[in-house]
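My notes follow in the order in which I looked things up.

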Amino acid sequence: MTDPDPHPGTAPTLPPTPGPAPAPIAELGAVVLDCPDPRALAAFYAGILGGTPAEDDEGAWFDLELPGGRTLAFQEAPGHVPPEWPAPGGSGSQQFHLDLTVTDLDAAEKGVLALGARPLDTDDRARTWRVYADPAGHPFCLCAC
């Protein structure tokens with residue numbers, strides 16, 4: 001008999017696999033954000049995370065090589081419709097968001113707002129995280145966790 005799911009509506013926890021872990025199928029290359037203006041969004045995130053945006057030949061794609069070797073990329077998507085935060089109808093459903101770790105929430109907030117972020121859920125100042133939207137409407141969190 002198994003224990004009831006403590007988080008109904010979420011994927012079940014898989015039991016441990018005996019023996020060595022299987023070889024990975026893939027390696028994460030980049031996280032890609034669709035947006036109407038990849039140059040502007042790459043500059044926005046470069047202002048927060050560092051790095052220098054690199055443009056492809058046609059300007060429809062920018063890679064932001066981050067310190068530490070990760071890549072955040074931006075792809076032109078005509079007709080881009082940003083997600084809604086919070087989800088309509090209180091469904092609690094959301095698409096995807098970035099958690100950005102900071103040491104000083106207030107200072108980081110001033111910085112992202114100056115770059116063009118929009119506050120989405122920032123009223124509770126006792127929490128260790130706040131939610132913003134980037135200029136294309138993608139939600140992201142500043143986390144001092």
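**Entry 1: overall figures**

I started with burial: 29% of the 145 residues in the protein are buried. The model is a predicted one, and I keep that in mind throughout. I then looked up the surface. The accessible area comes to about 9800 Å². Carbon and sulfur atoms hold 56% of that area.

Next I checked contact range. I took the contacts with a separation of 6 or more and asked what share joins residues 24 or more positions apart. The share is 48%.

**Entry 2: secondary structure**

I counted two helices and eight strands. Read from the N terminus, the elements go β-α-β-β-β-β-α-β-β-β.

**Entry 3: the sheet**

I traced an open sheet of four strands. The strand order is E5-E8-E7-E6, and the pairing is mixed. Which strands stand at the edges? I found E5 and E6 there. Each has a single partner strand, so one side of each lacks a neighbour in the sheet. On average, neighbouring strands are turned by 35° against each other, with direction ignored.

I went through two of the pairings. E5 and E8 run parallel and are joined by four bridges. Leu 98 has Phe 140 as its bridge partner in E8. E7 and E8 are antiparallel, with five bridges between them. Here I noted Arg 130, whose bridge partner in E8 is Leu 142.

Then I looked at what packs on the sheet. H1 does, touching E5 and E8. The direction of H1 makes about 35° with that of E5. H2 lies across E6, E7 and E8. Relative to E7, H2 runs at about 0°.

**Entry 4: side chains along E5**

I wanted to know which residues of E5 point to which face. The side chains alternate. Leu 98 and Leu 100 point to one face and are buried.

**Entry 5: the nonpolar core**

The largest nonpolar core has 23 residues. I listed those with the most contacts inside it: Leu 41, Tyr 45, Phe 74, Phe 140 and Leu 142. Seven names come up as elements that give two or more residues: E1, H1, E3, E4, E5, H2 and E8. Which element gives the most? H1 does, with five residues.

**Entry 6: salt bridges**

I found five salt bridges in the structure. I began with Glu 55 and Arg 39, whose closest N and O atoms are 3.2 Å apart. Glu 55 is in strand E2 and Arg 39 in helix H1, 16 residues apart. How accessible are the partners? Glu 55 is partly exposed at 40% relative accessibility. Arg 39 is partly exposed too, at 48%.

Next came Asp 106 and Arg 130, with 3.0 Å between the closest N and O atoms. Asp 106 lies in H2 and Arg 130 in E7, so this pair ties together parts that are 24 residues apart in sequence. Asp 106 is partly exposed at 41%. Arg 130 has a relative accessible area of 3%, so I logged this residue as buried.

I also followed the wider network. Salt bridges link Asp 106, Glu 109, Arg 125 and Arg 130.

My last pair was Arg 127 with Asp 121, at 3.1 Å from N to O. Asp 121 is partly exposed, with a relative accessible area of 27%.

**Entry 7: Thr 122**

I finished with Thr 122, in the loop between strands E6 and E7. Is Thr 122 buried or exposed? The relative accessibility is 11%, so Thr 122 counts as buried; the cut-off for buried is under 20%.

I looked up its contacts beyond four places in sequence. They are Glu 109, Arg 127, Arg 130, Val 131 and Tyr 132. Three of these names had come up among my salt bridges: Glu 109 and Arg 130 in the network, and Arg 127 in the pair with Asp 121.

Note on methods. Residues numbered from 1 in each chain as written. Predicted model: local features only at pLDDT ≥ 70, side-chain atom pairs only at ≥ 80, totals over all residues. Heavy atoms only, no water. Buried < 20%, exposed > 50% of the residue type's maximum accessible area, 1.4 Å probe, protein only. Contact = heavy atoms within 4.5 Å. Salt bridge = Lys/Arg side-chain N within 4 Å of Asp/Glu carboxyl O. Areas by Shrake-Rupley, 256 points an atom, 1.4 Å probe, with all protein chains shown as cover. Core = buried A, V, L, I, M, F, W, Y, C linked by side-chain atoms within 4.5 Å. Pairing = 2+ DSSP bridges. Axes fitted to C-alpha atoms, helices over the stretch in contact; angles between N-to-C directions.
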